[in-house]
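I opened this entry to go through side-chain packing. My notes follow in the order I looked things up.

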Amino acid sequence: VQLQASGGGLVQAGGSLRLSCAASGRTFSRYNMGWFRQPPGKEREFVAAVSRNALNTYYADSVKGRFTISRDNAKSTVYLQMNSLKPEDTAVYYCAADRTMRADGSLTTTQGEYNYWGQGTKVTVSS
């Protein structure tokens, strides 16, 4: 699957952005999807994940209550709604697809367990 992230930009602190990640192919619904981010000068980190059927989500503590991950399998697209943005949310945001079907239906925060990655979209939050 090929992933194309979009929606990044410059926003003031307290503002909102919605990122999108469009997937190619007809197998999108077979993948758990995740968002990661890489702040300037730092390592890439987990942000959020959503299960194949969108019933299960998981968030990093740093974004819980401010960000919402969702997906539309009919459009092969996953979204990240980001509200109450802070300067520390500044990063390049990446979407990723995880094809592993876990017996307990759990989601993973481990980058190495994601099989496909988008190219990244840059988010800058000014203070």
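**Aromatic cluster**

I started with the rings. Phe 36, Phe 46, Tyr 58, Tyr 114 and Trp 117 are linked by ring pairs into a cluster. I kept in mind that the model is predicted.

How many aromatic pairs are there? I noted six aromatic pairs. I looked up two of them in detail.

I took Tyr 31 and Tyr 116 to begin with. Their rings are edge-to-face, with 85 degrees between the planes and 5.8 Å from centre to centre. Tyr 31 lies in the loop between β3 and β4, and Tyr 116 lies in strand β10, so the pair ties together parts 85 residues apart in sequence. I then checked accessibility for both. Tyr 31 is buried, at 10% relative accessible area. Tyr 116 counts as partly exposed, at 25%.

I went on to Phe 46 and Tyr 58, which both belong to the cluster. This pair is tilted: the planes make 35 degrees, and the centres are 6.0 Å apart. Phe 46 is in strand β5 (residues 45-50) and Tyr 58 in strand β6 (residues 57-59), so the pair ties together parts that are 12 residues apart in sequence. Is Phe 46 buried or exposed? Phe 46 counts as buried, because its relative accessibility is 11% and the cut-off for buried is under 20%. Tyr 58 has 44% and counts as partly exposed.

**Charges over rings**

Next I looked for charged ends over ring faces. Which ring lies under the charged end of Arg 44? I found the ring of Trp 117 there, its centre 3.9 Å away. Trp 117 is also one of the cluster residues. I noted Arg 71 as well. Arg 71 lies over the face of Phe 28, 4.4 Å from the ring centre.

**The disulfide**

I turned to the cysteines. The structure holds one disulfide. Cys 21 and Cys 95 form it, with their sulfur atoms 2.0 Å apart. Where in the chain do the two cysteines lie? Cys 21 is in strand β3 (residues 17-23) and Cys 95 is in strand β9 (residues 91-98). The two are 74 residues apart, and the pair links distant parts of the chain. I also looked up the handedness. The link is right-handed, with 60 degrees about the S-S bond. I checked burial on both sides. Cys 21 is buried, with a relative accessible area of 0%. Cys 95 is likewise buried, at 0%.

**Around Thr 77**

I followed the contacts of Cys 21 to Thr 77. Thr 77 lies in strand β8 (residues 77-82). Thr 77 counts as buried, at 9% relative accessibility. What does the side chain of Thr 77 reach? I found the backbone oxygen of Lys 75, at 2.8 Å. Leaving out residues up to four places away in sequence, Thr 77 touches Ser 20, Cys 21, Ala 22, Phe 28, Ser 70, Arg 71 and Asp 72.

**Ala 22**

I ended on Ala 22, also in strand β3. At 35% relative accessibility, Ala 22 counts as partly exposed. Beyond four places in sequence, Ala 22 is in contact with Gln 2, Leu 3, Gln 4, Ser 76 and Thr 77. I looked up the spacing to Leu 3. The C-alpha atoms of Ala 22 and Leu 3 are 5.7 Å apart in space, and the residues are 19 apart in sequence.

Methods
Residues are numbered from 1 along each chain as its sequence is written. This is a predicted model: local features need pLDDT of at least 70, side-chain atom pairs count only at pLDDT 80 or more; totals for chains, interfaces and linings use all residues. Side-chain values use heavy atoms; hydrogens and water are left out. A disulfide is a pair of cysteine sulfur atoms within 2.5 Å. Helices (H or I, at least four residues) and strands (E, at least two) are DSSP runs, numbered from the N terminus. Buried means under 20% relative accessible area, exposed over 50%, partly exposed in between (1.4 Å probe, protein chains only). Rings of Phe, Tyr and Trp (its six-membered ring) pair if their centres lie within 6.5 Å; planes under 30 degrees apart count as stacked, over 60 as edge-to-face and the rest as tilted. A charge sits over a ring if NZ of Lys or CZ of Arg is within 6 Å of the ring centre and within 35 degrees of the ring normal. A polar contact is a pair of N or O atoms within 3.5 Å; within protein, one must be able to donate a hydrogen and the other to accept it, and residues adjacent in sequence count only if both atoms are side-chain atoms. Contact means heavy atoms within 4.5 Å.
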